[in-house]
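Subject: Structure handover

Hello,

Here is the structure for you to look at. My notes follow below it.

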Amino acid sequence: MPPPYKSISSADTELVGSICKEYGLTKEEFTELHQRCVAAKSTAYCPYSQFRVGSSIISTEGAYFNGANVENASYPVGTCAERVAFGKAVTEGHRKIKAVAVATDIAPPASPCGMCRQFIREFCDLTVPIIMFDKDDNFTIVHLEELLPMSFGPEALPAPGSRYV
């Protein structure tokens with residue numbers, strides 16, 4: 001069975017430019033996200049799985065935030081790279097995110113886990129691009145809605161202070 005998503009070479013500058021335009025990014029933003037998420041992998045703390053993940057996000061204001069996975073001997077307590085990056089952004093006042101990038105040491109690239117997809121949904125609209133880089137710098141790009149169809153977001157909840165009757 002062929003992979004469900006096309007793997008694209010980040011070295012194909014013409015194609016990257018076309019994809020950036022389609023997803024509302026500049027080539028510079030794409031390159032910065034790519035470099036930052038790959039570099040973030042080197043800060044991962046993953047002594048148990050040895051599975052390094054780096055993430056970088058850009059806010060709608062143009063600020064970048066990086067994260068790496070942080071494991072714990074009590075496995076469920078670990079934190080994924082995406083949630084580390086989002087935690088940094090949110091605590092620094094950036095709650096609207098323009099794009100998310102993730103890098104791993106495998107091919108094809110890994111997508112954010114289910115918990116991260118829901119976490120991303122809290123701060124991104126469904127059209128936000130999610131860029132996933134593999135060990136060879138090839139990538140797959142999709143809109144959040146493709147990773148989390150029929151999603152549940154903050155707009156589905158009653159306004160603070162109100163409640164359903």
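A salt bridge here is a side-chain nitrogen of Lys or Arg within 4 Å of a carboxyl oxygen of Asp or Glu. Before the findings, two notes on the source. This is a predicted model, in which local features need pLDDT of at least 70 and side-chain atom pairs count only at pLDDT 80 or more, while totals for chains, interfaces and linings use all residues. Residues are numbered from 1 along each chain as its sequence is written, and side-chain values use heavy atoms, with hydrogens and water left out.

Salt bridges

Side chains of opposite charge can pair when their charged atoms come close. The count here is 6 salt bridges. D105 pairs with K41, with the closest N and O atoms 2.6 Å apart. That pair links distant parts of the chain: D105 is in the loop between β4 and α4, K41 is in helix α2, and 64 residues separate them. Helices (H or I, at least four residues) and strands (E, at least two) are DSSP runs, numbered from the N terminus.

D105 also meets R52 in a salt bridge, at 2.7 Å from N to O. R52 sits in the loop between α2 and β2, 53 residues from D105.

K41 is buried at 8%. D105 is partly exposed at 30%, and R52 is partly exposed at 31%.

A further salt bridge joins R36 to E32, with the closest N and O atoms 2.8 Å apart. Both are in helix α2, 4 residues apart, or about one turn of the helix. R36 is partly exposed at 26%. E32 is also partly exposed, at 26%.

N69 and its loop

N69 lies in the loop between β3 and α3. It is buried, at 8% relative accessible area. Its side chain reaches the backbone oxygen of F51 at 2.8 Å. It also reaches the backbone nitrogen of V53 at 2.8 Å. Leaving aside neighbours within four places in sequence, N69 is in contact (heavy atoms within 4.5 Å) with residues including A44, Y45, C46, T79 and A81.

Y75 is in the loop between β3 and α3. Y75 is exposed, at 61% relative accessibility.

Helix α3

Helix α3 covers residues 81–91, and its buried residues are A81, E82, R83, A85, F86, A89 and V90. These pack against β2 (53–59), β3 (64–68), β4 (97–104) and α4 (114–123). Just after α3, G93 takes a positive phi of about 90 degrees.

Backbone points to check on screen

- Q50 is not a glycine, yet has a positive phi of about 60 degrees. Q50 is in the loop between α2 (27–41) and β2, and is exposed at 57%.
- D137 has a positive phi near 70 degrees. D137 is in the loop between β5 (129–133) and β6 (138–143), and is partly exposed at 31%.
- The peptide bond from A107 to P108 is cis, with omega near -5 degrees. P108 is in the loop between β4 and α4.

Best wishes

Key: Buried < 20%, exposed > 50% of the residue type's maximum accessible area, 1.4 Å probe, protein only. Polar contact = N/O pair within 3.5 Å; in protein donor to acceptor, adjacent residues only side chain to side chain.
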